[in-house]
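Dear colleague,

Please find the structure below for your records. My findings follow directly after it.

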Amino acid sequence: MRLRIQILLIACVAAALGASDGFAFPPAEKGPYLGQKPPGMTAEIFAPGLVSSDAFEHSRLEISGDGMALYWIVQPERGKQLIWSTHCGTDGVWSKPAPLPISNGNEELPFLHSPALSPDGKTLYFSCIDLAEGGAHGSTAAGQALYAVDLKNPRWNAPTPIESWFPNPGNVWAYSFAANGNLYFDDDFRLFSMARRGDNYDPPARLGNPDIDDKDGFVPFVAPDESFIIFSSTRPGSVGGSIDLYVTFREPGGGWGPAKNMGPEVNTDDNERFPSISHDGKYFFFLRNDPYGDSSFYWIDAAIIGKAK
């Protein structure tokens with residue numbers, strides 16, 4: 001219950017402080033990662049004023065397989081979440097970050113959530129939360145609908161509704177695909193996986209390690225080769241009882257090892273959530289927000305992951 005209240009307070013404070021849709025952006029530089037200087041082993045704010053804006057970011061930074069497109073959630077005002085994106089052209093210049101014009105015909109889809117690219121990068125999945133049903137946590141299954149858009153021929157005003165993969169979609173905060181299509185997700189602050197079988201999925205399964213299964217865990221990101229999973233938790237050992245990022249590594253026998261705190265280079269007494277890895281595997285991204293509703297994406301050399309072993 002304490003964790004549920006903490007998550008809700010983060011969202012409510014952010015909504016109260018949210019900015020309007022009209023943001024002033026500095027010009028983006030040419031080159032990879034919006035021309036940002038790559039970080040070392042100290043976490044730095046990613047693309048301040050461009051991706052990390054004055055608004056409240058509220059998802060992982062989803063990066064296309066070629067590194068030429070970024071997708072993330074922005075909460076500009078209370079009760080509204082939009083998927084923003086920026087793309088790099090053939091000239092190396094990045095487009096001005098802007099919300100995708102997503103609607104369901106004439107019907108607005110105001111509270112979008114959890115953008116995730118398919119393993120082949122051809123489809124963008126996302127969900128739409130019905131706040132009248134109670135939101136992402138505690139809602140009925142009907143409170144969160146799943147959609148897909150073909151990025152080769154995007155029809156932003158007619159996303160394809162798809163049957164949810166999850167038994168209780170209203171309880172899912174985030175999900176992540178491995179390269180083979182296996183799916184990892186959270187359900188009511190516990191971690192699950194589903195193996196891909198052709199066009200279908202096996203039933204959800206726990207990760208099989210009590211150190212993970214018996215404690216809270218949410219917003220997971222799985223490595224493409226399933227060698228590790230990074231997730232958030234308030235388990236004992238988190239800095240100041242805040243939300244920290246943890247990693248579990250695949251063991252030689254195929255199981256999952258104990259959860260390891262990612263250390264002071266990543267975790268602070270603020271809340272660290274929504275992990276992701278760059279397309280080339282060089283950089284680790286995550287979202288940090290403070291109790292006052294300020295949030296920013298951070299990035300750090302991905303070697304920090306192996307340091308947690």
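In the hairpin of β22 and β23, five residues lie between the strands, and G281 among the hairpin's residues takes a positive phi near 75°. The model is a predicted one: local features need pLDDT of at least 70, side-chain atom pairs count only at pLDDT 80 or more, and totals for chains, interfaces and linings use all residues. Residues are numbered from 1 along each chain as its sequence is written, and side-chain values use heavy atoms, with hydrogens and water left out.

Strands here are DSSP runs of E with at least two residues, numbered from the N terminus; two of them pair if DSSP finds at least two bridges between them. Strand β22 (residues 271–277) is largely enclosed by the rest of the structure, because seven of its seven residues are buried (under 20% relative accessible area, 1.4 Å probe, protein chains only). Five bridges link β22 to β23 (residues 283–289) in the antiparallel sense, and R273 has L287 of β23 as its bridge partner.

N271 belongs to β22 and is buried, at a relative accessible area of 7%. A polar atom of the N271 side chain lies 2.9 Å from the backbone nitrogen of I243.

Elsewhere, four strands form an open sheet in the order β18-β19-β20-β21, with antiparallel pairing. Its edge strands, β18 (218–222) and β21 (260–261), each pair on one side only. β18 and β19 (residues 228–233) run antiparallel and are joined by three bridges; V222 has I229 of β19 as its bridge partner.

Yours sincerely

Notes:
Buried means under 20% relative accessible area, exposed over 50%, partly exposed in between (1.4 Å probe, protein chains only). A polar contact is a pair of N or O atoms within 3.5 Å; within protein, one must be able to donate a hydrogen and the other to accept it, and residues adjacent in sequence count only if both atoms are side-chain atoms.
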